Amino acid sequence: MLWAIFLKGLAYRFYVRIKLHGEFHTLAKNYPKLIIISNHASHLDATSMAAAVPFKYWPDLYLTAAKDYFFGNPLFDFFSKHCLGAIPIDRKDKKGEAVKLILTLLRQLDRMWMIFFPEGTRSKDGAIQEFRRGISLFSMETDTPILFLYIKGNSTLWPKGQFFASPGALDIYVGPVCPPGEKEEIHEKYTTWVREIDTEADIKDLED
């Protein structure tokens, strides 16, 4: 609750302002289990997505996070486990223990919204990179649909290599729900949807 007050009531209200395009209540009724994917270009991404989701759905919200960064010290470890609901992904793990855990949770839990960054790492220039195979594995093996989210402005406020985020505004778009599929198919659908948003935003800027 304290983390929610700080994140939703302070950090993402006064320092970085979130403008949400869409809503989650209808999704919660129709899709108790989802893999939520987004573009990834900033350390703001995971927390801004959590801040955009209503607090009542947080008990069902999980995040896949790089173990070497989000679990790198005791403070980050506590924060990641208890504030983000993060599942550590060891990028050097050959046994795939985290993958097995995620598959088990998606199969066994009645309700689960899992935030997953299919690019695998932050984009250096904000452009959407190719998706890795994890998105296909998790969605197809567990028959879990995929919700598209798009964070606009993340690479501007906190680009890769910058020490900390600059104040400003983020637009978070709640998109369509896509059925499970191969990573190439999901990537094509996702990038097409994002291009449509960017085109509409550019037109609006010209009109203003």
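**Salt bridges and ring pairs in a predicted model**

Mentor: Lysine 183 has a relative accessibility of 24%, so this residue counts as partly exposed. Keep in mind that the model is predicted.

Trainee: Which residue does lysine 183 form a salt bridge with?

Mentor: Its partner is glutamate 184, and the closest N and O atoms are 3.1 Å apart.

Trainee: And is glutamate 184 buried, exposed or partly exposed?

Mentor: Glutamate 184 is at 48% relative accessibility, so it counts as partly exposed. The cut-off for exposed is over 50%.

Trainee: Why can side chains like that pair at all?

Mentor: Opposite charges can pair when the charged atoms come close.

Trainee: How many salt bridges does the count come to?

Mentor: The count comes to six. One of them joins the side chains of glutamate 97 and lysine 100, at 3.9 Å from N to O.

Trainee: Where do glutamate 97 and lysine 100 sit?

Mentor: Both are in helix α6. They are three residues apart there, so about one helical turn separates them.

Trainee: What about their accessibility?

Mentor: Glutamate 97 has a relative accessible area of 44% and is partly exposed. Lysine 100, at 47%, also counts as partly exposed.

Trainee: OK, which salt bridge links distant parts of the chain?

Mentor: Take aspartate 60 and arginine 111, whose side chains meet at 3.3 Å, N to O. Aspartate 60 lies in the loop between α3 (45-52) and β3 (61-66), while arginine 111 lies in the loop between α6 (97-108) and β5, and the two are 51 residues apart.

Trainee: How accessible is arginine 111?

Mentor: Arginine 111 has 35% relative accessibility, so it counts as partly exposed.

Trainee: Switching to rings. How many aromatic pairs are there?

Mentor: Searching the whole structure gives 12 aromatic pairs. In one of them, the ring centres of phenylalanine 24 and tryptophan 113 are 6.1 Å apart.

Trainee: Why is that pair called tilted?

Mentor: The planes of the two rings are at 45 degrees, so the pair is tilted. Under 30 degrees would count as stacked and over 60 as edge-to-face.

Trainee: What does the pair tie together?

Mentor: Phenylalanine 24 is in the loop between β1 (16-21) and α2 (25-30), and tryptophan 113 is in strand β5 (residues 112-116), so the pair ties together parts 89 residues apart in sequence.

Trainee: Are those two buried or exposed?

Mentor: Phenylalanine 24 and tryptophan 113 are both buried.

Trainee: Which residues do ring pairs link into a cluster?

Mentor: Phe131, Phe148, Tyr190 and Trp193 are linked that way.

Conventions
Residues are numbered from 1 along each chain as its sequence is written. This is a predicted model: local features need pLDDT of at least 70, side-chain atom pairs count only at pLDDT 80 or more; totals for chains, interfaces and linings use all residues. Side-chain values use heavy atoms; hydrogens and water are left out. Rings of Phe, Tyr and Trp (its six-membered ring) pair if their centres lie within 6.5 Å; planes under 30 degrees apart count as stacked, over 60 as edge-to-face and the rest as tilted. Helices (H or I, at least four residues) and strands (E, at least two) are DSSP runs, numbered from the N terminus. Buried means under 20% relative accessible area, exposed over 50%, partly exposed in between (1.4 Å probe, protein chains only). A salt bridge is a side-chain nitrogen of Lys or Arg within 4 Å of a carboxyl oxygen of Asp or Glu.
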